Amino acid sequence: MADLPELDPVIHAQARLRVTVALAGLRPADQITFPRLQQLLEMTAGNLSTHLRKLEDAEYVEITKAYEHRTPVTLVRLTSKGRAAFDAYTKALHRLLDAGT
């Protein structure tokens with residue numbers, strides 16, 4: 001098999017792939033609260049925090065701390081760099097799968 005594509009290791013981990021897919025489903029400017037993302041993905045807060053930190057270190061997600069009615073809220077969104085990385089990841093995955101046929 002010639003020139004199989006590399007898959008982005010930041011996104012490829014199962015939990016981070018799930019996070020990225022969930023965030024990619026939002027409009028580019030939209031954010032989701034940490035608890036809502038945690039609920040959607042059925043992940044523990046600690047596990048989600050760990051994977052979000054990896055994605056944030058790669059500049060794939062942006063985490064914003066804000067206040068809503070005097071209550072602290074953590075908001076998460078996929079950055080344009082994260083969207084581009086996810087697009088490249090899905091294209092590479094398709095090429096990899098097509099190479100096997």
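Where does Pro-5 lie, and what is Pro-5 in contact with, leaving aside its neighbours within four places in sequence?

A: Happy to walk you through it. This is a predicted model, in which local features need pLDDT of at least 70 and side-chain atom pairs count only at pLDDT 80 or more, while totals for chains, interfaces and linings use all residues. Residues are numbered from 1 along each chain as its sequence is written, and side-chain values use heavy atoms, leaving out hydrogens and water.

Pro-5 lies in the segment before H1 (helices are DSSP runs of H or I, at least four residues, and strands are E runs of at least two, numbered from the N terminus). Its relative accessible area is 16%, so Pro-5 is buried (under 20%; exposed is over 50%, with a 1.4 Å probe and protein chains only). Beyond its neighbours within four places in sequence, Pro-5 is in contact with Ala-92, Arg-95 and Leu-96 (heavy atoms within 4.5 Å).

Ala-92 leads us to helix H5, where it is buried along with Gly-82, Ala-85, Phe-86 and Tyr-89. Seen down the H5 axis, these buried residues fall within an arc of 130° and therefore line one face of the helix (the arc is that of directions from the axis to the C-beta atoms). Their cover includes helix H1 (9-12), H2 and strand E3 (71-78). On the other side of H5, Ser-80, His-94 and Asp-98 are exposed.
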